[in-house]
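Dear colleague,

Please find the structure below. My findings follow it.

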Amino acid sequence: MMSDYEDAIESLEDVSGAVASGSGLRHRPTTLHWDPDQISLSSEVPGLNEVKDLLDSDMSSALSEDELAGGCPLPSTPVDPRLLETEMAVEVLKAQMGGDDMDLSTMAHNAAEQAEEFVRKVWEASWSVCHFRSLPRWLQDNDYLHAGHRPPLPSFSACFRSIFRIHSETGNIWTHLLGCVAFIGVAIYFLSRPSIEVNLQEKLVFAAFFAGAIVCLGFSFAFHTVYCHSQSVGKLFSKLDYCGIALLITGSFVPWLYYGFYCHFQSKVIYLSVVITLGLSAMIVSLWDRFSEPAFRPIRAGVFTVFGLSGVVPAIHY
């Protein structure tokens with residue numbers, strides 16, 4: 001056995017020596033080396049050089065763009081929700097202001113308007129009567145009433161709520177309001193009577209009187225209620241008040257002229273025409289802007305006094 005082992009060792013050494021000397025066995029290369037000088041792919045693949053040049057130009061342009069842009073972009077930073085809400089609020093405020101640049105003067109103007117509205121509401125809710133000298137000039141109409149006047153109330157709702165409080169116009173307001181309601185009720189009752197009781201012609205005659213009374217008292221109620229609203233509103237309803245007085249005088253003439261000259265048609269038509277003409281003239285004068293001023297109080301009294309006394313002429317006709 002010992003000889004067999006020694007023979008195996010010797011044969012293994014012979015093989016190793018043959019491998020070392022390069023004889024007997026063929027070596028397989030483990031690494032391949034690319035040598036562009038020895039192998040040319042352009043000869044085997046047509047157009048490869050053109051593709052290579054195109055890729056090289058794209059790489060150079062991409063590098064130049066990155067260099068111009070300052071390098072590769074950094075990763076995105078997480079957005080702070082509070083910062084986002086603040087930016088959205090600013091954008092909404094800019095949109096409300098009507099432009100990208102917020103105008104401080106516009107903001108101040110809006111704030112002033114809101115403050116004025118707040119003060120006005122507080123004033124309307126807590127106003128108190130004042131002295132004649134404390135009124136603005138356009139409210140100083142009757143200098144014989146020294147106290148108990150309403151201050152300016154620039155709201156129609158505040159003016160109508162004031163009818164339930166005590167002031168210098170409370171009596172005028174309620175007497176005209178109740179009178180207007182009373183005449184409306186009487187007019188409805190009278191005009192709804194059957195024709196067997198009151199014929200159509202008589203209904204028309206009394207309808208003229210009721211219309212004049214209702215319009216006069218209604219306009220007067222409205223004037224005494226809202227004349228403290230503003231100067232323009234006061235002037236408008238003052239004109240309507242005087243027009244209502246002229247309508248009442250005209251309507252009051254119609255029934256008694258109708259029955260007073262019942263059998264004299266021509267005289268009745270003449271007097272009715274004169275009364276209507278005087279009534280229209282009084283209304284035209286009432287629409288004059290300065291007619292309602294305190295300085296023209298005697299003229300107002302004279303116009304309506306003469307108009308009312310004109311009824312003396314037909315009264316002494318016979």
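Helices here are DSSP runs of H or I with at least four residues and strands are runs of E with at least two, numbered from the N terminus. This is a predicted model, in which local features need pLDDT of at least 70 and side-chain atom pairs count only at pLDDT 80 or more, while totals for chains, interfaces and linings use all residues. Residues are numbered from 1 along each chain as its sequence is written, and side-chain values use heavy atoms, without hydrogens and water.

An unreviewed UniProt entry lists residues 173–192, 204–228, 240–258, 270–287 and 299–317 under "transmembrane region"; such annotations may be inferred rather than shown by experiment, and positions follow the numbering used here, with feature names shortened. Residues 299–317 are 79% helix and 0% strand, with end C-alpha atoms 28 Å apart. For residues 204–228, the figures are 92% helix, 0% strand and 37 Å.

Helices H8 (231–260) and H10 (297–309) have axes that come within 10 Å and cross at roughly 10° (lines fitted to C-alpha atoms over the stretch in contact, with angles from 0 to 180 degrees between N-to-C directions). The two helices, H8 and H10, are therefore roughly parallel (angles under 35 degrees). In their contact (heavy atoms within 4.5 Å), Tyr242, Ile245, Ala246, Ile249, Thr250 and Phe253 of H8 meet Arg300, Phe304, Phe307 and Gly308 of H10.

Separately, Leu257 is in contact with Lys268, Tyr271, Leu272, Val275 and Pro314, leaving aside neighbours within four places in sequence.

How values were computed: Angles under 35 degrees count as roughly parallel, over 145 as roughly antiparallel, 65 to 115 as roughly perpendicular and the rest as oblique.
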